[in-house]
Amino acid sequence: MKSDKEEKNIDAEEVEMTFEEAMEKLELLVEQLECGRMSLDESLDTFEQGMKLATRCRKRLDDAERRIEQLINEGGKIKSEPFNSKEETE
Amino acid sequence: MGIFTVSELNQHVKNVLRSEPGLQQVWVRGEISNLTLHRSGHYYFTIKDSKAQISCVCFSSVSRMIKFQPEKSMSILAFGSIDLYTVRGQYQLQILDMRPDGIGELYQAFEQLKKRLEKEGLFEIEHKKPIPKYPSRIGIVTSPTGAAIHDILNVAQRRLPVDLLLVPALVQGERSASSVANAIEMLNNTDVDVIIIGRGGGSLEDLWSFNEEIVARAIHNSNVPIVSAVGHETDYTIADFTADLRAPTPSAACEMVIPSSTELEKYIDSLIHRMIQSTDQKIKDHRTDLKYLHSRVQPEKFRDQVLQNYQKLDETASRMEYIISNLLSNKESFLREYAGRLDAVSPLRTLARGYSITMDTESNIIHSVNEVTEADDIEVMIHDGIIECSVRNVIRTDKR
C-alpha cells in the first residue's frame with residue numbers, strides 16, 4: 001500500500017506513534033517552547049521536532065485511507081472482514 | 001358456502017365481532033405505545049402488556065372529551081368496543097373513554113432497575129472513563145442494516161480518517177440484549193480506543209434491550225470507554241446512564257468521538273503558528289542579548305576609553321602647569337610689593353631725604369638727650385657717610 005511505503009521513510013520512533021500520541025507530544029512541545037525556559041539550541045531542536053510532528057499530523061488529516069471492517073463470529077472463531085453497508089454499495 | 005370477496009369476509013367478521021356482547025363496552029388495562037396524535041384530532045395507538053398488544057383508535061369526537069394527553073408508555077384504562085378496520089383486516093379497540101392508570105409496566109421495570117444499579121454505583125462519575133481525544137480505531141455495536149450504522153458511516157466520512165470496527169448486533173427483540181452485551185465483550189478483546197453502542201429511534205420496547213441489566217453490566221465491565229447513542233435526543237436508557245458518555249443520537253456520538261478534520265486542521269495550524277512565534281521570539285531575545293554583549297566588548301569603545309584617558313591626563317597636566325605658574329606669578333608680585341614696602345620704610349631712604357641717625361661709638365642709636373653728656377664722642381650717620389662728632393652742649397627741647 002502507498003501509505004505503508006511512505007511511513008517507512010519517517011523516523012522509526014514516530015512511526016510507532018498513534019495520531020493521539022503525536023498530537024499530545026506536539027501540544028507538549030508547543031507548551032515547552034512557549035514557557036521559554038529552554039536554551040536556544042534546545043528551542044530549535046524542539047521546534048524542528050514539533051514541525052515534523054505537525055506536518056505528520058496534518059498529513060494524517062488528508063490521508064483519506066480508512067478501514068471499515070466488521071467482526072464476525074464464525075463457529076466460535078472470530079474474524080474480521082471488510083464491511084460494506086448497503087448504502088455504500090448502492 | 002360460496003366464495004367471499006375480501007371485503008365481504010372482513011365485513012362478515014366485523015359484524016360477528018360487533019354482535020358479540022362480551023366484546024362490547026369492555027375495559028382494558030395496558031400501556032400506550034406507537035402513539036400518533038393525528039392533526040384531525042384522532043388518536044391512533046396500541047396498548048399492550050408484556051405479552052400482547054392491541055390496536056386502538058380514538059376518534060376526535062371522543063378524544064375531545066378526554067381530560068389528559070395520552071403519552072408514549074403511559075399506562076391507561078381504556079373503555080371501548082372491539083371493531084374491525086376492514087381496510088386492513090385489523091381488529092381494534094374503538095375507544096369510548098380512557099383514563100391514566102398509574103405507571104406503565106415497562107416504565108416501572110426501568111425505574112426499578114435504574115434505582116438498583118444506581119444504588120450499586122454503576123452510574124457513578126468515578127467509573128466514567130475518559131473518551132480519547134484522537135481515537136484511531138473505533139468499535140461500533142449496532143445493527144449492520146439499521147439507520148445508526150448508516151448515520152455513523154456518513155458522519156465519519158466527513159471527519160478525521162479513523163478505522164471503524166463494527167460488531168453486528170441485534171438491537172431489537174428478545175435476544176438483542178445478550179447480543180449487544182456479547183458484542184461489547186468481543187470488542188474488549190480488540191485494539192479499539194472507544195466503543196459506540198446504539199441504534200436509531202423507536203418505541204420504548206424497540207429500545208428495550210438498552211434498558212436491560214445484562215447490557216448495563218457489559219458496559220460497566222468494559223475496559224474500553226463506551227459512548228451510548230440510543231434512539232433520539234429525548235430517549236434516556238439505562239445504557240445511557242451506565243456509559244462513559246451519552247450521545248443524543250448515533251450521528252452525534254460519531255461527532256463527539258471523531259474530531260472534525262477542518263477543526264483539527266485549524267488547531268494544528270494554530271499550534272504551528274504558536275511554535276513559529278515562540279521560536280521567533282526566542283531568536284529575537286537572543287539577538288538582543290547578543291547585541292548588548294557585543295556593544296560591551298566593542299574595541300572602538302576601548303580606544304575611545306584610552307583617548308578619553310589621554311585627554312583627561314592632558315587636561316590634568318595643563319591644569320597643574322597653570323596652577324603652578326599662577327602660584328609663581330603670585331609669589332613674584334608679593335615679592336615686588338614687599339620689596340617696595342620694605343624700600344619705603346628703609347632708613348636709607350630717610351637718610352637720603354636729609355635725615356641722620358645719631359649713635360654712640362658702639363653704634364647704639366641715641367634716642368634721648370639723656371643718653372649723652374658734654375664731651376662724649378658720637379657718630380652721626382647720613383646717607384653718604386658718617387660724621388664723627390664731640391658733644392659740646394646738651395639742650396633739652398621739652399623744657400622750653
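Start at the hairpin of β1(A) and β2(A) and select G75(A): there are 2 residues between the strands, and G75(A) takes a positive phi near 55 degrees. Helices (H or I, at least four residues) and strands (E, at least two) are DSSP runs, numbered from the N terminus.

Before moving on, note the ground rules. This is a predicted model, in which local features need pLDDT of at least 70 and side-chain atom pairs count only at pLDDT 80 or more, while totals for chains, interfaces and linings use all residues. Residues are numbered from 1 along each chain as its sequence is written, chains are lettered from A and ligands numbered from 1 in the order in which they are written, and side-chain values use heavy atoms, with hydrogens and water left out.

**Stop 1: the strands of chain A**

Color β1(A) and β2(A), residues 77–82. They pair in the antiparallel sense over 6 bridges. Two strands pair if DSSP finds at least two bridges between them. Now pick N73(A). Which residue in β2(A) is the bridge partner of N73(A)? The partner is I78(A).

β1(A) also has a partner in chain B. Select strand β7 of chain B, residues 163–168. β1(A) and β7(B) run parallel and are joined by 3 bridges. Click on Q70(A), then on L166(B): these two are bridge partners.

**Stop 2: where the chains meet**

Show both chains. How many residues of chain A are in contact with chain B? There are 39 of them, touching 40 residues of chain B. Contact means heavy atoms within 4.5 Å. The area buried between the two chains is about 3,700 Å², and carbon and sulfur atoms give 65% of that area. Buried area is the accessible area (1.4 Å probe) that two parts lose on being put together, summed over both. Highlight L61(A), R66(A) and L71(A). These three supply 19% of the area that chain A buries against chain B, more than any other three residues.

Next, look for polar links. Between chain A and chain B there are 12 residue pairs in polar contact, with both residues at pLDDT 80 or more. A polar contact is a pair of N or O atoms within 3.5 Å; within protein, one must be able to donate a hydrogen and the other to accept it, and residues adjacent in sequence count only if both atoms are side-chain atoms.

Which elements of chain A give two or more residues to the side that touches chain B? They are α3 (19–35), α4 (40–62), β1 (68–74) and α5 (86–89). α4(A) gives the most, with 12 residues. By class, this side of chain A has 18 nonpolar, 6 polar and 15 charged residues. Here Ala, Val, Leu, Ile, Met, Phe, Trp, Tyr, Cys and Pro count as nonpolar, Asp, Glu, Lys and Arg as charged, and the others, Gly among them, as polar.

**Stop 3: salt bridges**

A salt bridge is a side-chain nitrogen of Lys or Arg within 4 Å of a carboxyl oxygen of Asp or Glu. Zoom in on K133(B) and E27(A), whose side chains meet in a salt bridge (3.6 Å, N to O).

Then select R137(B) and E69(A). Their closest N and O atoms are 3.4 Å apart in a salt bridge. R137(B) lies in strand β6 of chain B (residues 137–142) and E69(A) in β1 of chain A, so the pair joins two chains. Are these residues buried or exposed? R137(B) is buried at 13% relative accessibility, and E69(A) is buried at 14%. Buried means under 20% relative accessible area, exposed over 50%, partly exposed in between (1.4 Å probe, protein chains only).

Stay in chain B for R217(B) and E120(B). Their side chains form a salt bridge at 2.6 Å, N to O. R217(B) lies in helix α6 (residues 213–221) and E120(B) in helix α3 (residues 105–120) of chain B, so the pair ties together parts that are 97 residues apart in sequence. R217(B) is partly exposed at 26%, and E120(B) is partly exposed at 43%. Now select R67(A), E69(A), R137(B), D163(B) and D191(B): salt bridges that share partners join them into one network.

**Last stop: I226(B)**

Find I226(B) in strand β9 of chain B, residues 226–230. I226(B) is buried, with a relative accessible area of 0%. Leaving out residues up to four places away in sequence, I226(B) touches I184(B), I195(B), I197(B), I219(B), A243(B), D244(B) and L245(B). Finish by selecting I140(B), 86 residues from I226(B) along the chain; their C-alpha atoms are separated by 9.6 Å.
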